[in-house]
Structures are given as structure tokens and as C-alpha cells.
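Visitor: Hi, could you walk me through this structure? I'd like to begin with a helix.

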Amino acid sequence: CWRRTLLPSRRIPSKSSARFASMENSLVIDMLPDCLRYSPEEWMALLEENPALDSAGVEDVVLMGAGASSLVVGPALLVELTLENETEVVVAALEVWLPSRLLKAMLASECASSLDAAPLPLPKPRVRQLKGLSLMPPRAAAPVRASAVTFVRPTAGPACQQQQQHQQQQQPQQQQQLQQQQQQHRLIRLTMKMGGSHGTGSRLWEGGVLLATWLLHESCLQPPGPVANLRVLELGAGFCGLPSRIAAHVGALRVTATEGVSEVFQLLLENVRNCDVRAKMLRWGEDEIADEDAPDVLLFADCVYTEAGASLLLECVAMCQRLQPRLVVHGTLEPEARFGCQEFAEGMVRLGFVASREVLSSELLAVVKK
């Protein structure tokens with residue numbers, strides 16, 4: 001949780017290429033044209049022209065000569081990505097994009113003359129994920145299927161119940177009725193459509209479940225909770241927007257879930273329909289947050305994977321801060337395992353926020369684990 005104070009980059013080194021063989025964020029491109037004699041830096045620049053690779057981040061590129069391995073054919077590249085969970089998306093994108101891009105490179109290079117004389121068509125480059133010690137062919141996109149997540153409202157203890165009764169006596173009758181209606185049903189079952197292979201946004205991540213569960217527990221055990229009667233906006237909501245949907249359940253005044261990948265956004269649009277949640281397209285670094293969407297509370301879950309991503313997330317926070325100087329931010333981070341978390345934390349301090357790490361109950365953690 002980050003809050004504004006009243007008072008006014010560390011660079012993580014690249015991982016060694018010697019670890020390629022044991023990492024799922026690596027891929028091999030072989031059957032490349034012999035006449036393209038690019039350096040690793042030139043290959044990296046070419047690959048980063050593709051939006052999927054630019055998003056996933058290229059950590060390193062290693063050249064493999066013909067015969068370097070029995071698993072590859074002809075000249076090959078060993079490519080390490082920053083985001084391991086984007087590897088399948090990158091493989092699928094390169095299969096479509098790379099042949100025409102290589103042809104363009106050949107026409108612009110010294111091998112154009114040999115291309116004209118070639119009796120056979122150019123071989124299509126082969127792109128495969130490196131998983132463990134084997135090369136994995138690209139998998140078909142997962143079919144969209146129906147699923148559901150069930151949340152259980154926690155039962156307040158005697159001390160907490162007395163506190164709630166005292167607060168209800170001081171609140172208007174209309175607010176008391178609203179709280180009684182919310183407590184009638186302990187089970188909250190959120191149905192959703194999930195599937196496809198569109199990167200991180202098409203998966204259900206632990207951080208999203210954790211944030212949604214925390215919002216529910218805080219609202220039930222310490223009413224009115226962190227979002228009651230406030231305007232809420234979620235960044236990087238993914239295909240289902242679980243935190244946004246729970247925020248709507250626990251009395252947020254207005255909830256907007258945003259997503260920047262068009263395919264993922266279409267699923268989000270379906271999943272928040274009839275949930276008192278608005279879905280809006282928001283591409284970090286490109287789109288502006290409209291005045292009508294100005295939030296009092298900003299939510300995000302598992303959105304920081306790279307330093308570039310942390311910088312873009314900070315830009316979104318700064319935009320919301322300009323619209324609401326008293327902005328409060330609730331988010332989940334994995335600082336021990338993700339790039340960019342340190343940079344994000346330092347950037348929030350520069351924006352004038354003070355952070356507090358929430359201590360989670362064993363009950364809440366058990367629910368999330370289950």
C-alpha cells in the first residue's frame with residue numbers, strides 16, 4: 001500500500017548465457033540464411049523490431065554456427081528473453097513475422113545477388129522454445145473455456161463484531177442496510193472465460209487472487225474497508241480483473257478495469273459484463289487516463305516484470321496522481337524474483353508516496369494457496 005506523504009536505478013545485470021539450457025525463457029532460431037552475417041548486436045536489434053520481443057525484452061543473443069548441435073540445422077541463434085512467461089507468445093509471433101523480415105534483410109545485403117540465382121525458395125526459419133535440455137515446438141493456443149473462482153467472506157470475531165455494531169449505530173440507515181445486504185451471502189462465485197495464449201494477461205496469477213482476497217477480508221473484518229465509497233481503477237487487469245470485481249462487491253463507488261492487450265481486453269470485456277465494473281483499453285506509455293476515470297484508489301497485481309515495465313507503470317501512477325493528489329495505491333509485487341521491483345519502489349518515493357507492507361493473516365494465505 002502506497003500513500004502520499006505531506007513532505008515534498010539500480011541496474012540488474014543480465015544473466016549469463018551459459019544458463020540458457022536450463023531456462024524456459026530461451027528460444028532457438030535455426031535454418032537461417034547463410035549469407036546474413038550479422039553480429040549478435042545486429043540480430044538483437046532486428047528481433048526487437050517485433051512488438052512481441054520488444055514487450056518481452058531480449059536479454060541476450062548467442063550465435064551458433066552450422067553443426068554446433070545435432071538439434072539445430074544451419075546457422076542458428078540462441079535468444080534469452082527477460083520474461084519467461086512470454087516465450088510461447090514470442091515463438092508464435094516470430095513464426096509469422098520472421099520469414100518476411102529476413103527476406104527484406106537479404107534484399108538489402110550483399111546476398112541479394114545469390115538470392116536472384118537461387119533455384120529453390122528460401123528455407124523458412126524454425127523457431128522453438130528451449131525447455132530444460134529439449135527444444136519444444138510451438139503449441140496451439142489454449143481454447144477459451146468457462147471457469148470460476150469462489151471467495152468466502154470471513155466471519156468476524158466478537159471484538160470485530162462489537163466494533164461493527166458501534167460503527168453501524170453512527171452511520172446513516174441507508175449505509176447500514178447496504179452492509180447488511182453485503183453480509184447476507186458469504187460465498188462470492190465469480191465466473192469467467194479464460195484461455196488463449198496472449199502472454200501474461202491471459203493467465204490467472206497468484207498476485208491477483210491475493211489482492212482480491214485481501215480487499216474482501218479487509219472490507220469484512222475492518223469495515224468500511226480500503227475501497228468503500230471510493231473510485232477505483234485497476235491497471236493491467238488481465239482477462240478477468242478479479243480485484244476490480246471484488247472491489248465492486250465490497251462497495252466501491254465506481255470501478256474501472258483497464259488492459260492494454262487487445263485480445264486480452266476482449267476477454268476482460270466479457271468477464272466484467274454485468275459486474276458493475278467498466279472495462280477500458282489502456283496501453284501504458286501510449287494512452288492517457290481520462291478525467292472521468294480519475295481514481296481515489298489504484299490497484300495492480302503482478303504487473304512488474306522488467307525495468308521498462310516499472311517505468312511505464314510509474315507513468316500511469318503519476319497520471320492518476322495528477323488527477324487525484326490524495327491517491328492511494330494497493331498492489332502486489334514479487335521483489336525477490338522479478339526485475340524492476342526495486343526501480344518501481346524508488347520511483348514511488350520520488351512521486352512522494354510512503355509505502356507500507358501489509359502483514360497477511362494465516363487464514364488469508366491459506367485461502368490464496370487453496
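Guide: Let us take helix H7, which covers residues 206-221, has 16 residues and reaches 22 Å from its first C-alpha to its last, close to the 22 Å expected at 1.5 Å a residue. The expected span of a helix is 1.5 Å times one less than its number of residues, and helices (H or I, at least four residues) and strands (E, at least two) are DSSP runs, numbered from the N terminus.

Visitor: Is H7 mostly covered or mostly open?
Guide: H7 is mostly covered, with twelve of its 16 residues buried; buried means under 20% relative accessible area, exposed means over 50%, and partly exposed is in between, using a 1.4 Å probe and protein chains only. Among the buried residues of H7 are Trp214, Leu215, Leu216 and His217.

Visitor: Where does this model come from, and how is it numbered?
Guide: This is a predicted model, in which local features need pLDDT of at least 70 and side-chain atom pairs count only at pLDDT 80 or more, while totals for chains, interfaces and linings use all residues. Residues are numbered from 1 along each chain as its sequence is written, and side-chain values use heavy atoms, with hydrogens and water left out.

Visitor: What pLDDT does the chain average?
Guide: The protein chain averages a pLDDT of 79, and 74% of the residues score at least 70, where pLDDT is the predictor's confidence in each residue, from 0 to 100. Over residues 7-22 the pLDDT is below 50, although this stretch has 33 contacts in the model beyond near neighbours in sequence, a contact being heavy atoms within 4.5 Å.

Visitor: And how many helices and strands are there in the chain?
Guide: The protein chain has twelve helices and 14 strands, and of its 370 residues, 46% count as buried.

Visitor: New topic: how many salt bridges are there?
Guide: A search of the whole structure finds ten salt bridges, each being a side-chain nitrogen of Lys or Arg within 4 Å of a carboxyl oxygen of Asp or Glu. One of them joins Arg126 and Asp30, whose closest N and O atoms are 2.7 Å apart. That pair links distant parts of the chain, with Arg126 in strand E5 (residues 126-131) and Asp30 in strand E2 (residues 26-30), 96 residues apart.

Visitor: Which of the categories, buried or partly exposed, does Asp30 fall into?
Guide: Asp30 counts as buried because its relative accessibility is 0%, whereas Arg126 counts as partly exposed, at 28%.

Visitor: What does Asp296 pair with?
Guide: Asp296 meets Arg231 in a salt bridge of 2.9 Å, N to O. Asp296 lies in the loop between strand E11 (278-281) and strand E12 (297-301), and Arg231 lies in strand E9 (residues 231-235), so the pair ties together parts that are 65 residues apart in sequence.

Visitor: What about Asp293?
Guide: The side chain of Asp293 meets that of Lys280 in a salt bridge (3.0 Å, N to O). Asp293 lies in the loop between E11 and E12 and Lys280 in strand E11, so this pair ties together parts that are 13 residues apart in sequence. Salt bridges that share partners also join Arg278, Lys280, Glu292 and Asp293 into one network.

Visitor: Last one: where is Pro154 found?
Guide: Pro154 is found in the loop between strand E7 (145-152) and helix H5 (158-170), and Pro154 counts as buried at 7% relative accessibility. Pro154 and Glu363 are 209 residues apart in sequence, and in space they are 8.9 Å apart, C-alpha to C-alpha.
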